[in-house]
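Here are a few notes to read alongside the structure. Have it open as you go through the points.

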Amino acid sequence: MTTTQLLFWFLSALAIIGAIGAVGSKNPIYAVLWLIVVFFAISGHYVLMNAQFLAIVNIIVYAGAIMVLFTFVIMFIDLNEHPEMPKNIYLKAGGIIAGLCLMIVLVSALARADNAHTVLQLGTGVGLIKYLGERLFSDYVIPFEISSVLFLSAMIGAVIIGKKEPEQAT
Amino acid sequence: MPEIKWYIFLAVALFCIGVVGALTRRNSIIVFLCIELMLNSVNLLLVAFSKMHMTGKLGNALSAMDAQIFVFFIMIVAAAEVSVGLAIIVMMYRNTKSIDINFLNRLKN
């Protein structure tokens with residue numbers, strides 16, 4: 001077993017354990033911490049596939065910004081006063097069975113696809129920042145600018161939704 | 001070098017764990033975290049596919065870069081979605097004093 005395969009299995013096991021921990025934990029803070037483990041494992045996969053730009057962006061945007069936003073909201077909401085009410089056991093079992101059926105169908109359908117045994121070429125320089133930046137600012141410059149408008153509208157929307165309503169409205 | 005199917009199986013497993021979490025949990029923050037998990041599994045699959053067809057003479061480098069730029073834009077949309085969604089959760093907590101997902105039933109009336 002080569003080093004690449006060893007790293008692949010290690011990172012995959014870490015990602016799946018982290019995902020199960022995030023779904024199964026009672027406290028949302030622990031769920032956020034498990035999900036950060038998943039994001040670091042996925043960033044490790046990106047580094048393994050020589051996509052350094054996406055690895056860095058994944059750590060900065062997801063593990064940095066989005067998870068900090070989640071922890072901030074969880075600390076803003078006092079969860080000890082309002083514990084999660086237990087869901088109907090049949091609904092829970094139905095959800096788990098539905099998810100497992102989806103996984104079985106997808107795996108059995110994709111395992112016998114024609115290209116399933118294609119070996120990845122991990123060492124190519126496609127994911128380097130130089131080439132991606134050139135392409136992002138030449139062919140994809142208009143979507144890039146539109147995404148800044150999207151961010152502006154999301155920011156304004158978050159402020160308007162989160163604003164405290166005046167008292168006389170009630 | 002791993003085959004493409006192992007990456008497909010990993011992404012499918014992560015996606016289905018996210019689906020199970022979104023279906024079974026009632027805490028709306030954890031449901032939101034599961035949606036992030038599903039987005040990330042799709043990102044992983046796109047990056048794996050971008051490294052798949054690199055064996056020809058030209059190497060299809062341009063289309064491989066397109067896949068990674070798609071991942072970049074998915075991250076942008078996810079960040080915008082998280083900011084609006086967390087604002088909605090905070091507003092829901094302020095109005096109902098709870099973050100249980102079943103309280104969203106009252107949006108029907």
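**Notes on the two chains**

1. Let's start where the chains meet: 63 residues of chain B are in contact with 73 residues of chain A (contact means C-beta atoms, placed from the backbone, within 7 Å). On chain B's side, α1, α2 and α3 each supply at least two residues, and α3(B) gives the most, with 22. (Helices here are DSSP runs of H or I, at least four residues, numbered from the N terminus.)

2. Before going on, this is a predicted model: local features need pLDDT of at least 70 and side-chain atom pairs pLDDT 80 or more, while totals for chains, interfaces and linings use all residues. Residues are numbered from 1 along each chain as its sequence is written, with chains lettered from A and ligands numbered from 1 in the order written.

3. Now the largest nonpolar core, which has 69 residues. (Such a core is a set of buried Ala, Val, Leu, Ile, Met, Phe, Trp, Tyr and Cys residues joined through C-beta atoms within 7 Å; buried means 20 or more other C-beta atoms within 10 Å, exposed 12 or fewer, partly exposed in between.) Leu35(A), Val38(A) and Leu33(B) touch the most other members. Leaving out residues up to four places away in sequence, Val38(A) touches Ala15(A), Gly18(A), Ala19(A), Ala22(A) and, from the other chain, Leu37(B).

4. One spot to look at is Asn50(A), in the loop between α2 and α3 of chain A. Asn50(A) isn't a glycine, yet has a positive phi of about 60 degrees. With 18 C-beta neighbours inside 10 Å, Asn50(A) counts as partly exposed.

Terms used
Contact = placed C-beta atoms within 7 Å.
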